[in-house]
Amino acid sequence: MPSQHIVRAFDEELALLANRIAAMGGHAERMVDESVTALVGGDAALAAKVIADDAVLDELQREVDDRVIVMIARRQPMAEDLREIIGTIRIAAELERVGDLGKSNAKRVAAIAEARQPRPLFRGLEALSTLALTQLKDVLDVYASRHVDAIAKIRDRDEEIDAVYTSLFRELLTYMMEDPRNISACTHLLFCAKNIERIGDHATNIAE
């Protein structure tokens with residue numbers, strides 16, 4: 001009976017960790033989505049919210065790390081259980097980095113808003129963001145369901161994200177060459193696009 005109680009308590013702790021990862025994933029997705037919305041609309045207030053929200057994600061990561069340390073010390077898990085717990089730390093770190101990239105983009109909103117750019121450039125950024133966030137959501141769904149048969153397709157989709165990023169990169173360079181007044185804002189947009197492309201990389205890391 002005591003061993004059954006220990007197993008049940010351990011399963012509950014693992015489930016709590018999974019819930020925290022889900023909370024981190026949802027928060028990171030929202031930060032990225034809102035940062036792009038702020039960029040497109042030149043919304044300084046929304047950008048400020050995204051920047052402030054990063055503290056929430058950092059706190060969630062600290063909670064995951066602390067819980068994992070306690071679980072390892074108390075339960076001394078072996079083999080598969082240990083891999084799952086260590087994997088949780090790594091996924092939490094990837095999600096925290098996604099939030100940092102969203103915050104980084106939000107910090108560029110004011111500079112980009114000073115010189116509005118052609119709408120097609122923002123459409124490209126939105127398309128890239130949609131692909132990256134879909135990638136992140138799908139891999140977190142796999143983590144929650146443990147249906148790993150979809151992982152290969154998710155990893156392969158990273159090539160599509162890279163292709164859209166490359167196309168947007170070339171388009172931004174064209175605008176910069178056509179009119180030097182575009183250089184400052186387009187440079188910021190280049191950094192934003194690169195940040196979004198890296199979110200796809202973090203999703204791929206989680207898949208692996």
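## Asn-182 and the loop between H7 and H8

In this predicted model, Asn-182 is placed in the loop that joins helix H7 (158-178) to helix H8 (183-207). Its relative accessibility is 15%, and Asn-182 therefore counts as buried, the limit for that class being under 20%. A polar atom of the Asn-182 side chain lies 3.2 Å from the backbone oxygen of Tyr-175.

A pair of aromatic rings is described by how far apart the centres are and by the angle of the planes. In this structure the count comes to one aromatic pair. The ring centres of Tyr-165 and Phe-169 are 6.1 Å apart and the planes stand at 45°, so this pair is classed as tilted.

Both Tyr-165 and Phe-169 belong to helix H7, where four residues, or about one turn of the helix, separate them. The two residues fall into separate accessibility classes: Tyr-165 counts as buried at 15% relative accessibility, whereas Phe-169 is partly exposed, with a relative accessible area of 33%.

## Overall architecture

The protein chain contains eight helices and zero strands. Its pattern, read along the sequence, is α-α-α-α-α-α-α-α. Taken along the principal axes, the C-alpha atoms fill a box of roughly 75 × 35 × 20 Å.

Of the 208 residues in the protein chain, 45% are buried.

## The largest nonpolar core

In soluble globular proteins, nonpolar side chains tend to be buried together. The largest nonpolar core of this model has 59 residues, and the members that touch the most other members are Leu-95, Leu-125, Leu-136 and Val-139. At least two residues of this core come from each of helix H1 (2-41), helix H2 (44-75), helix H3 (79-106), helix H4 (109-113), helix H5 (119-145), helix H6 (151-156), H7 and H8.

When residues up to four places away in sequence are not counted, Leu-125 touches Leu-39, Leu-168, Leu-189, Cys-192, Ala-193 and Ile-196.

## Glu-29 and its contacts

Glu-29 is found in helix H1. Although Glu-29 and Leu-133 are 104 residues apart along the chain, their C-alpha atoms are separated by 6.4 Å. With neighbours within four places in sequence left aside, Glu-29 is in contact with Leu-133, Leu-136, Lys-137 and Leu-140. One of these partners, Leu-136, is also among the residues that touch the most other members of the largest nonpolar core.

## Val-142 in H5

Val-142 lies in helix H5 and is buried, with a relative accessible area of 9%. Leaving aside neighbours within four places in sequence, Val-142 is in contact with His-147, Val-148, Ala-150, Ile-151 and Ile-154. The C-alpha atoms of Val-142 and Ile-154 are 9.7 Å apart in space, and the two residues are 12 residues apart in sequence.

## Arg-157 and the loop between H6 and H7

Arg-157 occupies the loop between H6 and H7. Beyond its neighbours within four places in sequence, Arg-157 is in contact with Thr-134, Gln-135 and Asp-138. With Asp-138 there is a polar contact between side chains, at 2.9 Å.

The position of Arg-157 may also be described relative to Ile-199. These two residues are 42 residues apart along the chain, and their C-alpha atoms are separated by 13 Å.

## The largest pocket and helix H3

The largest pocket holds about 540 Å³ of space. Elements giving two or more residues to its lining are H3, H5 and H8. The lining consists of 19 residues, and those nearest the centre of the pocket are Gly-87, Ile-91, Tyr-143, Ile-206 and Glu-208. H3 provides the largest share of the lining, with nine residues.

Helix H3 also contains Ile-86. At 30% relative accessibility, Ile-86 counts as partly exposed. Ile-86 and Val-68 are 18 residues apart along the chain, and their C-alpha atoms are separated by 7.8 Å.

Terms used:
Residues numbered from 1 in each chain as written. Predicted model: local features only at pLDDT ≥ 70, side-chain atom pairs only at ≥ 80, totals over all residues. Heavy atoms only, no water. Buried < 20%, exposed > 50% of the residue type's maximum accessible area, 1.4 Å probe, protein only. Polar contact = N/O pair within 3.5 Å; in protein donor to acceptor, adjacent residues only side chain to side chain. Phe/Tyr/Trp six-rings, centres within 6.5 Å; stacked < 30°, edge-to-face > 60°. Core = buried A, V, L, I, M, F, W, Y, C linked by side-chain atoms within 4.5 Å. Contact = heavy atoms within 4.5 Å. 1 Å grid on protein atoms, 1.4 Å probe; cavity = no way out; pocket = protein on both sides within 12 Å on 5 of 7 lines; lining within 4 Å. Points joined across faces, edges and corners; volume = space filled by probe spheres on them.
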